[in-house]
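Colleague: I am new to this structure and would like to learn how to read it. Could you take me through it feature by feature?

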Amino acid sequence: MTVIDPARSRLTVSGRPISAHLRDISTLSRQMVGHFAENVAPCGTLPGDALQGDVTAVTRVCLELTLSRLDGQELPEQVEQIRDAAAEWAREGIPIDTINHAIHEGFKLGFDRILSNASPADSATLVATARRLLEILDTITSAVAVAYVRENRMVVGEHHTAVHTLTSALLGGHSTSTMARECGIEIAESYSVLALAVPPHPDESEPDVNGAVVARRKLRRVQAELATRCGDRALSLLSVDGGTLLLPADDFAGDTLDELIAYLSEAARVPITATVVTAAPADIPAATEQAHELLDTVQRLTGGGGLHRFNDLALEFQITRPGPAREHLSSILDPLDEHPELLDTLRQHIANNFNRQRTARLMHMHTNTLDYRLKRVRLLTGFDPTTPSGLWYLTSALVARSYRAPQAKTGT
């Protein structure tokens, strides 16, 4: 709704309303955002989607508000849009000084454009314009500050809510009945305990981008998607690189978990790796430890991505447990340390499900060369990679070897 203030006359420069000199809002907002990225140091480190999306949209709203005020009009909904944007930036951890600096830079750019169209005869109008711009600037910065501080308080408060405490209690094996009643959450008979690994977004390593902001935005997207898909049924402790998620097992059965991880990966814009173990509430601490150990195994063996269940990796999990068996299996491949091409060939052959033609093609070699290398593996290790028993030992040795600490190389 537009409100006309009869006490506010329309200001003119060179015979035209001042707002007319700023009327091309789309072009001007893009120019301003480009200026922010180049001249407002913190803005230059924001992710590209933030600059082209949220920042450009809010810049446009600020311009619309400014034009309406210069014309003696009020648009209350624009102030509310600015408050919403400030709250979102607070949740994503964008510093408030960056926001305010960008706002002031925008006002300077707008005033410079007005001045460039003014003549000496417009001096009195320019004084009135400057006063009105200061009033508008006060409205915008006040709206930003109030919304930002309020949202920050809410975020801090949410971190210490009973739901957070309930999740911590379940993971720690403590009594949860009282806290569950306070939260209004019914404790499930059993839970799917998920360990999550969230890799860095590519923009986190960009030298000209603030990696911490990118990481927080990634986490925020994951949390929002989790809330959309699971509501208050999900209990989680997550950081920018992963964490633990508890879901009622009866509500998230079968392929539902696979779909959820796919949705979370899409939201994060990176491939999330997850493992799952089912447990009763009293057994959640042990299940959590097991799920994270299994997650470590998956990352060492496959590099990650998708949901992995304990039943599918029980053998690999057992092989990687510390002890003499793991050390013995790992040592099987020691003779190949001086022949990295043989170790790489063996690894590729196993990954290709022992398909000679495929392995030879992918490694750009003749099958005779592959056969020669596999024969060399047999001579050096004592295990024949062309027989089922030999392949079992060699595959197990590769799994166990993934847990061996790298040995320091010494020079002469």
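Colleague: What is the average pLDDT of the protein?

Modeller: This is a predicted model, and the protein averages a pLDDT of 79, with 82% of the residues scoring at least 70. Strand β5 (residues 191-197) has the highest confidence, at 94, and strand β1 (residues 3-4) the lowest, at a mean of 45. Over residues 1-7 the pLDDT is below 50, and this stretch has 13 contacts in the model beyond near neighbours in sequence. Residues 407-412 also stay under 50, but there the model has zero contacts beyond four places in sequence.

Colleague: Which residues have the most contacts inside the largest nonpolar core?

Modeller: In soluble globular proteins, nonpolar side chains tend to be buried together. Here the largest nonpolar core has 24 residues, and those with the most contacts inside it are Ile82, Ile99, Ile103, Phe107, Ile136, Ile140 and Val144. Helices α3, α4, α5 and α6 each give two or more residues to this core, and α6 provides the largest share, eight residues. Another core, of 20 residues, lies apart from it and includes Leu194, Phe252, Ala268 and Val270.

Colleague: At what angle do helix α14 and helix α16 pack?

Modeller: The angle between α14 (residues 340-351) and α16 (residues 367-381) is about 110°, and their axes are 10 Å apart. An angle from 65 to 115 degrees counts as roughly perpendicular, so α14 is roughly perpendicular to α16. Among the residues that meet are Leu342 and Leu346 in α14 and Leu370 and Val377 in α16. By class, this contact has six nonpolar, two polar and three charged residues.

How values were computed. Residues numbered from 1 in each chain as written. Predicted model: local features only at pLDDT ≥ 70, side-chain atom pairs only at ≥ 80, totals over all residues. Heavy atoms only, no water. pLDDT = per-residue confidence, 0-100. Helix = DSSP H or I, 4+ residues; strand = E, 2+ residues; numbered from the N terminus. Contact = heavy atoms within 4.5 Å. Core = buried A, V, L, I, M, F, W, Y, C linked by side-chain atoms within 4.5 Å. Buried < 20%, exposed > 50% of the residue type's maximum accessible area, 1.4 Å probe, protein only. Axes fitted to C-alpha atoms, helices over the stretch in contact; angles between N-to-C directions. Parallel < 35°, antiparallel > 145°, perpendicular 65-115°, else oblique. Nonpolar A, V, L, I, M, F, W, Y, C, P; charged D, E, K, R; others polar.
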